[in-house]
Amino acid sequence: MRFSVYRYNPDVDAKPYMQEYDIPLEPTDKMLLDALIRLKSHDDTLAFRRSCREGVCGSDAMNINGRNGLACITTVAELGDHITLRPIPGLPVIRDLIVDMTQFFRAYHSVKPYVINNDPAPETERLQSPEDRLELDGLYECILCACCSTSCPSFWWNPDKFLGPAALLQSYRFIADSRDQATNERLDDLEDPYKLFRCHSIMNCVDVCPKGLNPTRAIGKIKDIMIKRMV
Amino acid sequence: MVNRIVTGAHYGLRDWLIQRLTAGVMLVFSVIAALRIAAAEPGFDGWKGVFDPAWMRVALFLFLLSVLYHAWIGVRDIYMDYVKPVSVRLALHTLTVLALVACAGGVFELVWSH
């Protein structure tokens, strides 16, 4: 199997380059992550993140043949004979396929991704009706792998100001939560030409999300609520 | 001045909404204008007749306002993405507004002065 892999070690390399590998895979190397681990057994200087190896932790997000995805849930068979791997675009590279996600998590933290409720804490949990709970489906499943935000041109142009699809999906997740009492503050915070309204419904986020979520729809719902509040 | 990343201008929804509403106005007007032009006699008098009725003048005026506002938001969005220095962007904003107002003047001259 042929691989072209983005290599960059700032301690040694003046600039990034693509390294070619031609290695035989074992029959058990079904997933791209298996192939990467095989590759690392041939060249242990290659650096990449991985943890759960089953699409839950979101660590091994990378650009696979030009498209963002998780190495652990991408089969080698679907990628053809020549696999090109690069780090997810738009974030600073720390080394090889590892990026600095500070910017991404700064946007995430800025939407206050937790329930804000000023009522006294109840004896047990805060209850929701089944209908209210249903609102959170398609929102809470996000694993923060950053595949969506780093495939979004608006995030590439304004990564410091546009929150990106992942953070906006999380913002709506708490706006939609019946237990949350900070909807107005959340909407006030998003009433900004950059944070929310840089989204031009390009929908790359929907295209690449490994969990099949739809940040564009969530962003649309935030806009709907804003209009409802305004008129 | 401290080099801080500032957001929170507290506008965005209004412009986003107006851009969509003006798109609707432009679409409706374009269809009406196309139908009227297709049905008109070829030549100056026929075309003049298309825009003569009072309601058509009002519609054209609304269309013109829609084009200007829609174009302003669209061009400003491009500047937001690609032009980072504040002074350059402010200058471009000013030039764009002047150019759009000049275009409006041109339309008034062209359509209503004869």
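**Close-up views of a predicted two-chain model**

**View 1. Surroundings of A:V56.** A:V56 counts as partly exposed because 15 C-beta neighbours lie inside 10 Å (a residue is buried if 20 or more other C-beta atoms lie within 10 Å of its own, exposed if 12 or fewer, and partly exposed in between, with C-beta atoms placed from the backbone). The model is predicted, so that local features need pLDDT of at least 70 and side-chain atom pairs count only at pLDDT 80 or more, whereas totals for chains, interfaces and linings use all residues. Residues are numbered from 1 along each chain as its sequence is written, while chains are lettered from A and ligands numbered from 1 in the order in which they are written. A:V56 sits in the loop between α1 (32–42) and β3 (61–64) of chain A, where helices (H or I, at least four residues) and strands (E, at least two) are DSSP runs numbered from the N terminus. The C-alpha atoms of A:V56 and A:P210 are separated by 9.8 Å, although these residues are 154 residues apart along the chain.

**View 2. Helices α2 and α5 of chain A.** The axes of α2(A) (residues 102–110) and α5(A) (residues 164–175) come within 8 Å and cross at roughly 20°, the axes being lines fitted to C-alpha atoms, for helices over the stretch in contact, and the angles running from 0 to 180 degrees between N-to-C directions. The two helices α2(A) and α5(A) are therefore roughly parallel to each other (angles under 35 degrees count as roughly parallel, over 145 as roughly antiparallel, 65 to 115 as roughly perpendicular and the rest as oblique). In this pair, A:A107, A:Y108 and A:S110 of α2(A) meet A:G164, A:A166, A:A167 and A:Q170 of α5(A), contact requiring C-beta atoms, placed from the backbone, within 7 Å. The residues of this contact of α2(A) with α5(A) comprise 4 nonpolar, 3 polar and no charged (Ala, Val, Leu, Ile, Met, Phe, Trp, Tyr, Cys and Pro count as nonpolar, Asp, Glu, Lys and Arg as charged, and the others, Gly among them, as polar).

**View 3. Helices α5 and α6 of chain A.** Helix α5(A) also packs with α6(A) (residues 183–190), at an angle of about 155° and with the axes 10 Å apart, and α5(A) and α6(A) are therefore roughly antiparallel to each other. A:S171, A:F174 and A:I175 from α5(A) meet A:T183, A:R186 and A:L190 from α6(A), a contact with 3 nonpolar, 2 polar and 1 charged residues.

**View 4. Contact of chains A and B.** Chain B contributes 12 residues and chain A 15 residues to the contact.

Methods. Contact = placed C-beta atoms within 7 Å.
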